[in-house]
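Try each task before reading its solution.

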Amino acid sequence: MAILTVENVRKSFGGVNAVNGVSLALESGRIYGLIGPNGSGKTTLFNCITGLERLDGGRVTLRQERIDRLKPSAIARRGVGRTFQVIRVFPELTALENLLVVTRGPRAEAERRGREMLRFVKLEPLADEYAGNLSYGQQKLVEFVRVLMTDPALILLDEPAAGVNRTLLNDLLAAVARLRDEGRTILLVEHDMKVVMGLCETVFVLDHGDKIAEGPPGVIQADERVIEAYFGR
Amino acid sequence: MSGRRALVAAALAVVALALVAYPAIGTGYGVRATLQVFMWIALAGSWNLISGLTGYVSFGHVAFFGVGAYTGAILVATAGWPWPLAALAGGLAAIVLAVLIGYPCLRLKGPYFAIAMLGLNEVLRALVSYFEGLTGGGNGLSLPTADTTRSVYYLMGLLAMAVTAGTYLIVTSRFGLRLMTIREDEVAAEAMGIDAFHHKLAAFLLSAAGPGIAGALMARDQGYIEPISVFPLAITVTMIVMVLFGGKGTVWGPVVGAVALFVIQELVWARYPYVHPLLFGAIIVAVVLLMPRGVLGLLQTRYRLPRTI
């Protein structure tokens with residue numbers, strides 16, 4: 001059964017149709033890729049799913065509950081976590097505090113879990129450092145584990161590989177696969193095709209706001225419309 | 001308790017004891033000046049709760065002071081309430097006003113919220129002037145004569161302490177951290193499941209209570225209030241400057257700002273009465289240009305001091 005269903009979602013800005021009647025369904029425990037050239041509507045679709053953009057049409061359903069009229073915080077609390085294309089850590093909070101703010105329950109337990117998460121991405125020595133003082137890649141990792149602290153059922157990752165060094169990237173990708181094994185669903189936007197093709201089980205392709213293809217990575221790579229969208233005729 | 005924390009606690013206890021004993025040994029001017037400092041600590045600390053922590057700059061916070069002052073004064077003058085109870089009612093009235101204003105205004109972002117709050121203050125001043133049957137209008141409202149300076153001194157001191165202690169508890173809690181995430185990046189905070197609106201509303205209510213009580217206490221102390229004395233924009237500007245100077249979003253910044261600027265103001269006022277308005281303008285410009293995080297904010301980042309300063 002689908003955990004998330006996007007039906008005929010439309011979103012435009014002025015005269016630009018950023019997302020033009022896109023539909024897709026995500027099942028639990030799978031990794032999906034969302035690719036497309038720059039400006040194809042990937043991030044806008046993320047924003048529509050997470051409530052940061054109001055839909056012009058269509059509907060988004062999470063576990064059979066319509067969520068497209070909810071506030072972003074309400075959607076997040078229902079189990080949808082996300083990262084951003086441009087990192088959005090809280091710079092004047094420490095790395096650990098960035099994780100604590102999303103937790104509930106006893107603080108000591110939250111701190112223990114936060115430090116464990118930071119250890120997982122090899123940032124525990126920097127737990128008390130202001131997030132704004134961390135490098136780009138380190139901030140990216142803080143943002144990633146902050147999402148995990150919310151214990152989401154569906155995780156939307158916007159370019160998780162960008163700016164992360166190869167060793168950490170391998171750890172991060174292994175973590176994503178492990179999250180899938182735990183039954184979580186992952187939808188990731190990524191320009192690194194090696195990452196997408198190696199990790200994702202199903203790939204959606206957007207171009208100028210339209211979904212032009214959907215299928216396993218091998219099929220997508222050979223799809224004429226996808227090749228045309230990326231390289232032109 | 002670590003050695004450093006014990007030292008800080010001991011120092012605070014000594015200061016508190018000295019302030020408790022002060023009315024018995026101090027001059028009338030000294031007691032009244034200290035009472036004023038307490039009031040500014042309470043006002044600046046309260047403004048810091050909403051504007052320093054969430055980044056929503058309120059240009060109309062004096063409205064809560066004014067509403068508290070009129071509520072307290074009316075209850076004492078016309079209903080014969082005991083003034084300490086009327087002071088609490090002043091805080092409650094300010095909270096009620098904050099609910100009514102917060103619901104629509106806290107949905108506004110940045111400068112729009114600031115302008116809305118500025119407008120609120122002007123509207124309230126006009127309303128108080130208009131309903132002269134209840135408020136005395138432009139003629140003001142007199143309270144029954146009573147020598148309450150010493151009692152008001154202690155209650156205002158308690159209020160200043162409560163606001164500062166409350167700020168400490170908030171800053172060290174996850175609620176406080178969530179307020180800061182709104183200041184840092186409200187969109188990201190929402191996306192992480194933090195209900196920004198209700199967090200802002202809670203901070204707004206908390207930040208209204210102190211000025212409401214302070215207004216009612218000042219009304220009792222001065223014995224007479226009028227619209228221009230309890231709704232002046234200058235009070236809001238002064239609390240903003242105090243917080244900016246001391247360090248917004250910190251626990252002790254409003255205290256440092258209130259004490260330092262009050263002392264400077266008194267010194268300049270006494271010697272150069274016409275220059276003193278210029279002083280605040282100069283301080284705003286200097287703080288914004290040279291230390292936008294204020295004295296304690298600067299020390300916090302430079303010397304990696306804890307968030308609890």
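**Exercise 1.** In β2(A), which residue is the bridge partner of Val6(A)?

*Solution.* This is a predicted model: local features need pLDDT of at least 70, side-chain atom pairs count only at pLDDT 80 or more, and totals for chains, interfaces and linings use all residues. Residues are numbered from 1 along each chain as its sequence is written, with chains lettered from A and ligands numbered from 1 in the order in which they are written.
- Find the strands: β1 of chain A covers residues 2–13 and β2 of chain A covers 16–27. Strands (E, at least two residues) and helices (H or I, at least four) are DSSP runs, numbered from the N terminus.
- Check the pairing, which requires at least two DSSP bridges. These strands are antiparallel, over 9 bridges.
- Read off the partner: Val6(A) bridges to Leu24(A).
- Look at the turn: 2 residues lie between the strands, and Gly14(A) takes a positive phi near 60°.

**Exercise 2.** Find which residues of chain A and chain B are in contact, and sort the chain A side.

*Solution.* 
- Apply the contact test: C-beta atoms, placed from the backbone, within 7 Å.
- Count: 21 residues of chain A touch 16 of chain B.
- Locate the elements: α2 (72–77) and α3 (95–100) of chain A each supply at least two residues. α2(A) gives the most, with 4.
- Sort the chain A side: 10 nonpolar, 3 polar and 8 charged. Here Ala, Val, Leu, Ile, Met, Phe, Trp, Tyr, Cys and Pro are nonpolar, Asp, Glu, Lys and Arg charged, and the others, Gly among them, polar.

**Exercise 3.** List the contacts of Ile41(B), leaving aside its neighbours within four places in sequence.

*Solution.* The partners are Ala160(B), Val163(B), Thr164(B), Pro254(B), Val255(B) and Ala258(B).

How values were computed:
Two residues are in contact if their C-beta atoms, placed from the backbone, lie within 7 Å.
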